Amino acid sequence: MKLSDFDFDLPDDLIATRPANPRSAARLLVAAGGELHDGQVTDLVQWLQPGDRLVLNDTKVIPARLSGLRHRDSAQGPVAAKIEATLLEPRADGSWAALLKPLKKIKPGEDIVFSDDLSATLETVSEGQGHLRFNLSGTDFDAALAEAGAMPLPPYIAAKRAADEQDKTDYQTVWARNTGAVAAPTASLHFDAPLLAALKARGVDVSYVTLHVGAGTFLPVKVEDVTTHRMHAEWGKVSAQAAAEITATKAAGGRVIPVGTTALRLIESAAKDGQIHAWEGDTDIFIYPGFGFQVADALMTNFHLPKSTLLMLVSALMGQEEIRRIYEHAVGNRYRFFSYGDASLLIPAKADTPQKSGANS
């Protein structure tokens, strides 16, 4: 299985730099029953059935991108220079792992001032990451970070424009509550209060799980034999309640449909012998063609990067040829791609139910 098998041509102008407004006005490409249907995210109400269950990732993105000045003493006196930091994750000792730019010029012991309230000291450097000890902790740290930090937009958006205040709303789900992600579960960004209410009225159930999406989600695959790629680890939790709800849905004949690849990877990590269980820990599960899905019956997700592990995941669910056809349709019909782009609802043949009436093909 070669990396080149997951390549496709994507025009640069299809990369979305802002989301649809309102959120649920984004386009939705539904692949079901061997057919492709063009619509809007609001059409989910017609495609989902009473008794289906959406699995939502309730992680909350932190404003992890910081700009500051590093300070050190030199033979010529105090010296200050600009530095950028992207927080990755808190460490057990209370420090934060971070990507620092430029990393080579900063030395352990140097101080970085990000705002009047927020500063940090570089303690160590390891494996291309700096470990920062901040001057604040707890709610004081959260408040200072919210004031000084910017949302960590993906590289393909950040290359086109800087993050701004609007992103603090746009790059966060409406149900975000468990702080810890440095990237959003972007398929969930399409949901707003009216859509959630309409789905509830339809009889569609919802369960929440938590996977703190890491910056590693954007790392490119560098090996030609994709089966040798090693995934980054991310912390996740499936509560006993969520596991019981998902089990009950399966037993009643309903479909379990994760919203986003993060939710899918988590529930499959928590599955064993065809059953999902309460689970908590780090997962580095890598899903590519040949994977045996135990929990997920379908998937709502955005459109992904060429040669990415996420494209491999959807290929595992739908089949490589079918995904190639879906993506050719998406490009040809000018769907918007990536984090702020449009969505797809992928329903494998085994999970098909009677389709909605009046769908546009």
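Trainee: Okay, which residue in E19 does Ala-31 stand opposite?
Mentor: That would be Leu-346. Keep in mind that this is a predicted model.

Trainee: And how many bridges join E1 to E19?
Mentor: Four, and the two strands run parallel; E19 covers residues 343-346.

Trainee: What about E1 and E2, parallel or antiparallel?
Mentor: Antiparallel, with six bridges between E1 and E2, which spans residues 35-40. One of the pairs there is Ala-32 with Glu-35.

Trainee: What's in the turn there?
Mentor: E1 and E2 make a hairpin with two residues between them, and Gly-33 in that turn has a positive phi of about 60°.

Trainee: Is E1 mostly covered or mostly open?
Mentor: Mostly covered, with five of its six residues buried.

Trainee: New topic: which residues touch the most other members of the largest nonpolar core?
Mentor: Tyr-171, Ile-326, Tyr-327 and Phe-337, in a core of 62 residues. Several elements supply at least two residues each, including strand E1 (27-32), helix H6 (240-251) and helix H9 (320-332).

Trainee: Which one gives the largest share?
Mentor: H8, with seven residues.

Trainee: Back to Ile-326, what is it in contact with?
Mentor: If you skip neighbours within four places in sequence, Ile-326 is in contact with Leu-29, Ala-31, Leu-36, Phe-303, Met-318 and Leu-346.

Trainee: How many residues are in the second core?
Mentor: That separate core has 23 residues, among them Leu-54, Val-204, Ala-298 and Ala-343.

Notes:
Residues are numbered from 1 along each chain as its sequence is written. This is a predicted model: local features need pLDDT of at least 70, side-chain atom pairs count only at pLDDT 80 or more; totals for chains, interfaces and linings use all residues. Side-chain values use heavy atoms; hydrogens and water are left out. A nonpolar core is a set of buried Ala, Val, Leu, Ile, Met, Phe, Trp, Tyr and Cys residues joined through side-chain atoms within 4.5 Å. Buried means under 20% relative accessible area, exposed over 50%, partly exposed in between (1.4 Å probe, protein chains only). Contact means heavy atoms within 4.5 Å. Two strands pair if DSSP finds at least two bridges between them.
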